[in-house]
Amino acid sequence: MAMKINTKLRYGLRMLLALAEEPGKVRSTAELGEAMKVSPKYLRKLAGPMEKAGLIDSVQGIYGGYRLQMSPDLISIQKLFSAFNEKIRLSDCVNGDTCPLFDTCYARPLWDYLVDLIEYRFASITLTDIIRHTFDRSLSCENVQPLRRM
């Protein structure tokens, strides 16, 4: 099984990036949908969890739509994952529900560490970093602290 970012996260990120291009501007789902080649109805569905998480604002009325609720340099990839209540999963076995070797597996600490590493990186990459291509591409993550222990 390959790690795959689901559609709502991919399109949610694209929606946030489109809004981050002009942070104060209100953009309708019709406008966003046309630019992103995504159904406006689907974008409205994505907007709910992002609005609830404080990432975007909804503006009502004839010129309504969505805008970022905070500066794009404060919105990390991790915040997007949190908005949709999503977690990084590299393997089905690391959640402990499906593997009888969960407590004794030698490989599980590696999967846990890799998830921690990805989460650490996602917490540090913001919309501004993505737009400007300024996120750190090095693999040095000496500050990564394990979130889980065996």
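Predicted model: local features only at pLDDT ≥ 70, side-chain atom pairs only at ≥ 80, totals over all residues.
Start with the chain as a whole. It has 150 residues, and 35% of them count as buried. Six helices and two strands make up the secondary structure. Along the sequence, the order reads α-α-α-β-β-α-α-α. Contacts reach across the sequence. Take those in the protein chain with a separation of 6 or more: 63% of them join residues 24 or more positions apart.

Now turn to one pair of helices. Two packed helices are described by the angle between their axes and by the distance between those axes. Helix H2 covers residues 29–36, and helix H3 covers residues 40–52. They pack at an angle of about 110°. Their axes lie 8 Å apart. H2 is therefore roughly perpendicular to H3, because angles of 65 to 115 degrees fall in that class. The crossing of H2 and H3 is right-handed.

Which residues make this contact? H2 contributes Thr 29, Ala 30, Leu 32, Gly 33 and Met 36. From H3 come Pro 40, Leu 43 and Arg 44. By class, the residues of the contact comprise five nonpolar, two polar and one charged.

Next, look at the loop between H2 and H3. Lys 37 is found there. Its phi is positive, at about 60°, although Lys 37 is not a glycine. Is Lys 37 buried or exposed? Lys 37 has a relative accessible area of 71%. Lys 37 is exposed because that value is over the 50% cut-off.

His 133 lies in the segment after helix H6, which spans 127–132. Phi of His 133 is near 55°, again in a residue other than glycine. The relative accessibility of His 133 is 57%, so His 133 counts as exposed.

Lys 37 belongs to the loop between H2 and H3, while His 133 belongs to the segment after H6. Lys 37 has a positive phi, and His 133 has one too. Lys 37 is exposed, and His 133 also counts as exposed.

Technical notes: Residues numbered from 1 in each chain as written. Heavy atoms only, no water. Axes fitted to C-alpha atoms, helices over the stretch in contact; angles between N-to-C directions. Helix = DSSP H or I, 4+ residues; strand = E, 2+ residues; numbered from the N terminus. Parallel < 35°, antiparallel > 145°, perpendicular 65-115°, else oblique. Left-handed = near helix turned anticlockwise from the far one by under 90°. Contact = heavy atoms within 4.5 Å. Nonpolar A, V, L, I, M, F, W, Y, C, P; charged D, E, K, R; others polar. Buried < 20%, exposed > 50% of the residue type's maximum accessible area, 1.4 Å probe, protein only.
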